[in-house]
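Me: Please go through this structure with me. I would like each label set against its definition.

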Amino acid sequence: MSRRLTETRLVVASHNPGKVREIGELIARFGLEAISAGDLGLCEPEETEPTFTGNALIKAHAAAKGANMPALADDSGLCVDALNGEPGVYSARWAGPAKDFRVAMQLVHDGLEKVHAKDAAAHFVCALALAWPDGHAEVFEGKVHGHLVWPPRGTLGFGYDPMFVPEGFQITFGEMPPAQKHAMSHRARAFAKFVEACLG
Ligand code: IMP
């Protein structure tokens, strides 16, 4: 049985404005207010775990402790089948210190060319962890499958969105209106599990 969230304010344990915006929009529907870890001046802990779940828990626990309120953390990334799941938990790091996702997308494309991949199947994964200051935590995972295209298309979304076409669609996440992406994304799917378990 999952612990219910009774508080109305949450720290979103991320310094990534794209993610804070998306999570803020998702939780606003449930009357929850999102405060960003960046705005509270909280430090970003090192993501040392090899799994999305492990890293989401590190971030949620650190923010809950630092802010003394419940914290929601997302760890997510793109897993490419022909690259043995890479960039995976290193998705953000492939963009380098400048966080340039044109560079990261180019690296994915180059990697696919190098292995002569015929199949550009990929999926996004999101692990969403909710931690309380007393150390309790709940964690939920969502995925969205699709394939990669080159060159990247669209200016919406963030990260690898312009090269990812979700299953059943012809357009990339970068070409998709935010509401449509939110209805099907890996983050939305993890979020739906969180809502059912902790808010429902
Ligand atoms: P982290 O979870 O902060 O380690 O970063 C995950 C990285 O995965 C992001 O910086 C993006 O590059 C990528 N990513 C995660 N979710 C999405 C998404 O919805 N669209 C595009 N890229 C994403």
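Reply: Along the sequence, the protein chain of this predicted model runs β-α-β-α-β-α-β-β-β-α-α. Helices here are DSSP runs of H or I with at least four residues and strands are runs of E with at least two, numbered from the N terminus. Residue numbers start from 1 along each chain as its sequence is written. Local features need pLDDT of at least 70 and side-chain atom pairs count only at pLDDT 80 or more, while totals for chains, interfaces and linings use all residues, and side-chain values use heavy atoms, with hydrogens and water left out.

Me: Why does Asn68 count as exposed?
Reply: Its relative accessibility is 62%. Exposed means over 50%, buried under 20% and partly exposed in between, with a 1.4 Å probe and protein chains only. Asn68 therefore counts as exposed. By contrast, buried residues make up 48% of the 200 in the protein chain.

Me: Where is Asn68, and what does Asn68 touch?
Reply: Asn68 lies in the loop between helix H2 (52–67) and strand S3 (71–80). Leaving aside residues up to four places away in sequence, Asn68 touches Ala63 and Pro133, where contact means heavy atoms within 4.5 Å.
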